[in-house]
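Please read it alongside the sequence and the model.

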Amino acid sequence: MIHHNVRALATTVVAVSAIVLTGCSMQSLPTYDEIRGETQNAMQRIVDELPSESRVEDLTTGTPFTCGDGKGVFFTGNWAVYPPDGFDNVTFVDGLPETLGADFTRIEGAIDKGPGSVKLGTTDASDVRLDATVVDVVGTSAIDILATSRCGQGPSDPGT
């Protein structure tokens, strides 16, 4: 009787493991276009809160970094945003968690760079991580937005 129960338990464990492994392998990573779009949309949400005459410079460069045990990549976006003269960049960045509301959350435990720097994460499935920091660019104050996506498929065009 004990031998029969052990065999039944072993069969159940194998069956459940097969279902779990099959389910995991069937789940595909989002496309590169999806993760890039999600990341850029999260960055744009910050820009949308700035005065309309703000200038955005896309500094995004390089190829995607590997993630997911080498099975995927993540997109990294980098924008420098130049609000108009007289705009208080530090107060703006420090207030981003409240300004952006429930769609974003402050990432706790992140290294505090002091006033004018905040780390945020989206609260939806996109799982975008953002770092907004006031920087000095040749005597001009700018807001640097650095964002990384969740893990996704590699781009179909490696030059993307």
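## The disulfide

A disulfide is here a pair of cysteine sulfur atoms within 2.5 Å. A search of the whole structure finds 1 such link, formed by Cys 67 and Cys 151, whose sulfur atoms lie 2.1 Å apart. The link of Cys 67 and Cys 151 is right-handed, with 100° about the S-S bond. Because Cys 67 lies in strand β2 and Cys 151 in the segment after β8, the pair ties together parts that are 84 residues apart in sequence.

Cys 67 is buried at 14%, whereas Cys 151 is partly exposed at 23%. Tyr 32 counts as buried, with a relative accessibility of 5%.

## Basis of the model

The model is predicted, so that local features need pLDDT of at least 70 and side-chain atom pairs count only at pLDDT 80 or more, while totals for chains, interfaces and linings use all residues. Residues are numbered from 1 along each chain as its sequence is written, and side-chain values use heavy atoms, with hydrogens and water left out.

## Overall make-up

The protein chain has 4 helices and 8 strands, taken as DSSP runs numbered from the N terminus (helices: H or I, at least four residues; strands: E, at least two). From the N terminus on, the order of these elements is α-α-β-β-β-β-α-α-β-β-β-β.

Of the 160 residues of the chain, 32% count as buried. The chain exposes about 9700 Å², of which carbon and sulfur atoms supply 56%; these accessible areas come from the Shrake-Rupley method with a 1.4 Å probe, and for residues only the protein chains shown count as cover. Contact means heavy atoms within 4.5 Å, and among the contacts in the chain with a separation of 6 or more, 58% are between residues 24 or more positions apart.

Two strands are taken to pair if DSSP finds at least two bridges between them. Strand β6 (residues 117-122) and strand β7 (residues 129-137) pair in the antiparallel sense over 5 bridges, and Lys 119 stands opposite Asp 131 in β7. The strands β6 and β7 form a hairpin with 6 residues between them, and Asp 127 in the turn has a positive phi of about 50°. On β7, Asp 131 also stands opposite Leu 146 in β8; β7 and strand β8 (residues 140-148) run antiparallel and are joined by 9 bridges.

Val 118, found in strand β6, is buried at 3% relative accessibility. Leaving aside neighbours within four places in sequence, Val 118 is in contact with Val 93, Leu 96, Pro 97, Arg 106, Leu 130, Asp 131 and Ala 132. The C-alpha atoms of Val 118 and Ile 107, which are 11 residues apart along the chain, are separated by 8.3 Å.

## Residues with positive phi

Most residues other than glycine have a negative phi. Where the β7 and β8 hairpin turns, with 2 residues between the strands, Val 138 takes a positive phi near 50°; Val 138 is exposed, with a relative accessible area of 81%. Asp 69, in the loop between β2 (65-67) and β3 (72-74), has a phi near 55°, a positive value in a residue other than glycine. Asp 69 is likewise exposed, at 78% relative accessible area.

## Aromatic rings

Rings of Phe, Tyr and Trp (its six-membered ring) pair if their centres lie within 6.5 Å, and planes under 30 degrees apart count as stacked, over 60 as edge-to-face and the rest as tilted. By this rule there are 3 aromatic pairs. One of them is the stacked pair of Phe 65 and Phe 74, at 5.6 Å centre to centre and with 25° between the planes; Phe 74 is partly exposed at 22% relative accessibility.

A charge sits over a ring if NZ of Lys or CZ of Arg is within 6 Å of the ring centre and within 35 degrees of the ring normal. Arg 55 lies over the face of Tyr 82 in this way, at 4.2 Å from the ring centre.

Note on methods: Buried < 20%, exposed > 50% of the residue type's maximum accessible area, 1.4 Å probe, protein only.
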